[in-house]
Amino acid sequence: METKLARISQLSKENPDMVFTSLGHLINKEMLQSCHLQMDGEKAVGIDGVTKEEYSRNLDENIENLVERLKKKSYKPKQARLVEIPKDNGKTRPLSIYCYEDKLVQEALRRILEAVFEPLFYDEMMGFRPNRGCHRAIRKLNTMLERKPTSYVLDADVKGFFQHLDHEWIIRFMESKIKDPNITRLVRRMLKAGIMNDYQFEATEEGSGQGSVCSPVISCIYMHYVLVWWFKEVITPRLKGYGGLIAYADDFVVCFQYKSDAEWFYERLKHRMGHFGLSLEEEKSRLIEFGRFAEENCKRRGTKPETFNFLGFTHYCSKSRSGRFRVKRRTSKKKFAKKCKEVHRLIGSMRTLRVKEIISKLNEILTGYFHYYGITDNSERITAFRYNVMKSLFYWLNRRSQKKSYNWVEFLNMIDNSYPLVRARIYVSVYD
């Protein structure tokens, strides 16, 4: 099966105009069993309550039954269970929890869509793609800011991106490469399956549920045609100077040499987003002067160069030790404060455990945090985060009984000698 998908991917890469007309047959017993083996059994269950373990008890029978329904076109996905996840700004993000069998079909669809469309995507699009991630996006952005004639930056975010994807546009984009009615039917039924919110059925007339296995690749297809392809093939040739784009899911940054180009593009962008059922988050989208000449220009006006946030980092203009222009980054204040609060609450919930167990859990958190935020120029922030974790630990350990367990010197001695906390470390260079 992997060989067939690799062949499809190769054909798509070598023949960009090729349209695939027969791919539905690939969703067979072999593929679904492979999807089952890959599926995470620890995920939350859908409205039917079936887990991976329960589905495995009669795996052959269950998959054969599913394949038969797919062949007869009688397969219909169940409604997703809606869960609200808190966001940084106090609002919530809707997360859709799907039934296990529907996840298998979604994973099969994801593999097919990815095999066909992945070779077509531009390198400017990083989110939800194989062998690409946040750090690679930041490295590419750093090159655009430091080595290209960037003087203006448009930092933009799409409002409620996943919730407002237009179903008909999804199908039209997909059918530009896959004209198999069986695939189209499955995608349409998945999109229209609906959700259960507080035991009430709600139809899904737009959007692709966050939590769906194939939503990420669908979002990439949407952004490819709406933004990235349009910018590369239509906008860039019409610019007077340099223009560069980096996109990560619904968050993207566009660099320009000239302000007139940036303002012209910004107006066109608003119109294009509206045409495809989307809109920009006005509070998070702004055009700023940024680059090697920004600091000098701001000094003449008596102001300071502005900064922008992207992928959890605040990017700002600075200089190297030799006095050359450099872009540096630090953990954004919002992300820093949120994580400190999360860890403080977590330690409070674990305060009755043994110190060794608490430290073990904190080391897991710190290691993950440093692997992401331990990036060039961010030493001060990650060190500050570790110090905040230590303060929270000191606070809660001294509230496990009426008598204080430690003074600060004793506490530091324990951390240094008995139960050491992972130390802050830079793991990622933006110049690799």
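Which residue of E10 is the bridge partner of Phe 308? The partner is His 315.

## Basis of the model

This is a predicted model, in which local features need pLDDT of at least 70, side-chain atom pairs count only at pLDDT 80 or more, and totals for chains, interfaces and linings use all residues. Residues are numbered from 1 along each chain as its sequence is written, and side-chain values use heavy atoms, with hydrogens and water left out.

Helices (H or I, at least four residues) and strands (E, at least two) are DSSP runs, numbered from the N terminus.

Strand E9 covers residues 308-310 and pairs with E10 in the antiparallel sense over three bridges; two strands pair if DSSP finds at least two bridges between them. The two strands form a hairpin with two residues between them, and Leu 311 in the turn has a positive phi of about 60°. Strand E10 spans residues 313-319, and six of its seven residues are buried (buried is under 20% relative accessible area, exposed over 50%, partly exposed in between, with a 1.4 Å probe and protein chains only).

E10 also pairs with strand E11, residues 325-331, in the antiparallel sense over seven bridges. In that pairing, Ser 318 has Arg 326 of E11 as its bridge partner. The hairpin of E10 and E11 has five residues between the strands, and Gly 323 there takes a positive phi near 95°. Gly 323 is partly exposed, with a relative accessible area of 40%. Its C-alpha atom is separated by 47 Å from that of Val 116, a residue 207 positions away along the chain.

## Helices H5 and H8

Helix H5 (residues 100-117) packs against helix H8 (residues 181-191) at an angle of about 130°, and their axes are 11 Å apart. Axes are lines fitted to C-alpha atoms, for helices over the stretch in contact, and angles run from 0 to 180 degrees between N-to-C directions. H5 and H8 are therefore oblique to each other; angles under 35 degrees count as roughly parallel, over 145 as roughly antiparallel, 65 to 115 as roughly perpendicular and the rest as oblique.

On the H5 side the contact is made by Val 105, Gln 106, Leu 109 and Ile 112, and on the H8 side by Ile 183, Leu 186, Val 187 and Met 190 (contact means heavy atoms within 4.5 Å). These residues divide into seven nonpolar, one polar and no charged, where Ala, Val, Leu, Ile, Met, Phe, Trp, Tyr, Cys and Pro count as nonpolar, Asp, Glu, Lys and Arg as charged, and the others, Gly among them, as polar.

## The four-stranded sheet

An open sheet of four strands has the order E2-E1-E4-E5, with mixed pairing. Strand E2 (92-97) and strand E5 (200-202) stand at the edges with a single partner strand each, so one side of each is left without a neighbour in the sheet. Neighbouring strands are turned against each other by 40° on average, direction ignored.

Strand E4 (residues 195-197) and E5 run antiparallel and are joined by three bridges. Asn 197 stands opposite Gln 200 in E5.

## Positive phi in two loops

Lys 73 has a positive phi near 65° and lies in the loop between helix H4 (59-72) and strand E1 (80-86). Lys 73 is partly exposed, at a relative accessible area of 40%.

Ala 249 has a positive phi near 60°, in the loop between strand E6 (243-248) and strand E7 (251-256). At 15% relative accessibility, Ala 249 counts as buried.
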